[in-house]
Every structure is written in C-alpha cells, then in structure tokens.
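Please find below a short note on the structure under review.

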Amino acid sequence: MSLCRFVIGLLLVAPNDAFPSVIDRDMPHQVALPDDICTGHNFTLIQRFLDQQGLSYRIRTVIAVWEDGRQEQWRLHCFTDPDAANAFVAHFGGIAFDPKRDRENGRARGVWRRPGAYKRILEIGPLSVPEPLRN
C-alpha cells in the first residue's frame, strides 16, 4: 500500500504526505501563481530555482473565485521560512497567500475570494503561459 499514489488535482501525493491543514500550519509562507503558468518549461524553471537555492517547499492548489463569478486554479508554493518565500517572489513574482486569511473561513480546502473582476495573467516575472494554453 505504501507504493500506491493517489492523484490530487494535478499533483501526485504519496498516502503518507501531510494533510493540507498540516502544510498550512507548518508552511504558512505561501506564494500563489496561476496554475497554467506553472506548466511545461516554466515548471522546470521553478523546480531548478528551488533545487539550486536548496529551498524546502510543498505545493498545494487553491481555486480563486472573483466577484464576477470567474474561477481559476492557482498553485501555491509553500515554505516554512519567510526568506524562502521572499526569494521565490523576488525571482518569479506571484502573490503572497496567507492560508488563515485568504482561504474562505480559514478552511484548509476553502476557496480564495479575489476582489474585482477576473483578469487573466499571461506573464509574470520570467514566466509566461505556454502558447497552447493561451486560448
């Protein structure tokens, strides 16, 4: 059974990995990027940066919901150290995400209520949405 993997969103997670509430508690310094900007070559760039910097992190997802009803999945890069999160933001951009404040009712699986109308982000820092995902 320990070799089994279950799919959660787009990420494979081993059965003994931390629950979302544990990640939020232990790694509260989180940076949000649109999920479609974290794919393909961009995923490799992000992974290489994290490995080269020796940063310990976890990845979670959250559904962002805007006032106009539009929804989009975002990827959260979660760190224990605020300096690691700041280094990530300095290199890639992104939005600081506070799991207690930003998740609906502070629930570990709550949505992220965003103000205003939805506006798609196609480029942020050195990352851009791959061409096939732009439409």
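Leaving aside its neighbours within four places in sequence, with which residues is Leu50 in contact?

1. The model is a predicted one. In it, Leu50 is in contact with Leu55, Tyr57, Phe79 and Phe88, once neighbours within four places in sequence are set aside.

2. Leu50 also belongs to the largest nonpolar core, which has 16 residues. The residues with the most contacts inside this core are Leu33, Ile37, Ile46, Leu50, Phe79, Phe88 and Leu127. Two or more core residues are contributed by each of S3, H2 and H3, and the largest share, four residues, comes from H3. Apart from this core lies another, of twelve residues, including Ile23, Ala32, Trp74 and Leu76. As general background, nonpolar side chains in soluble globular proteins tend to be buried together.

3. H2 spans residues 40-53 and has 14 residues. From its first C-alpha to its last, H2 reaches 21 Å, close to the 20 Å expected at 1.5 Å a residue. After H2 comes Gly54, with a positive phi near 65 degrees.

4. Which residues of H2 are buried? They are Asn42, Ile46, Phe49 and Leu50. These residues lie on the same side of H2, because the arc they cover around the axis is only 95 degrees. The face turned away from this buried side carries the exposed residues Gly40, His41, Asp51 and Gln52.

5. The protein chain has four helices and nine strands, and along the sequence they follow the pattern β-β-α-β-α-β-β-α-β-α-β-β-β. Among contacts with a separation of 6 or more, 66% join residues 24 or more positions apart.

6. Finally, the surface and the interior. Of the 135 residues in the protein chain, 35% count as buried. The accessible surface of the chain comes to about 8100 Å², and carbon and sulfur atoms account for 53% of that area.

Methods. Residues are numbered from 1 along each chain as its sequence is written. This is a predicted model: local features need pLDDT of at least 70, side-chain atom pairs count only at pLDDT 80 or more; totals for chains, interfaces and linings use all residues. Side-chain values use heavy atoms; hydrogens and water are left out. The expected span of a helix is 1.5 Å times one less than its number of residues. Buried means under 20% relative accessible area, exposed over 50%, partly exposed in between (1.4 Å probe, protein chains only). The arc is that of the directions from the helix axis to the C-beta atoms. Contact means heavy atoms within 4.5 Å. Accessible areas come from the Shrake-Rupley method with a 1.4 Å probe; for residues, only the protein chains shown count as cover. A nonpolar core is a set of buried Ala, Val, Leu, Ile, Met, Phe, Trp, Tyr and Cys residues joined through side-chain atoms within 4.5 Å.
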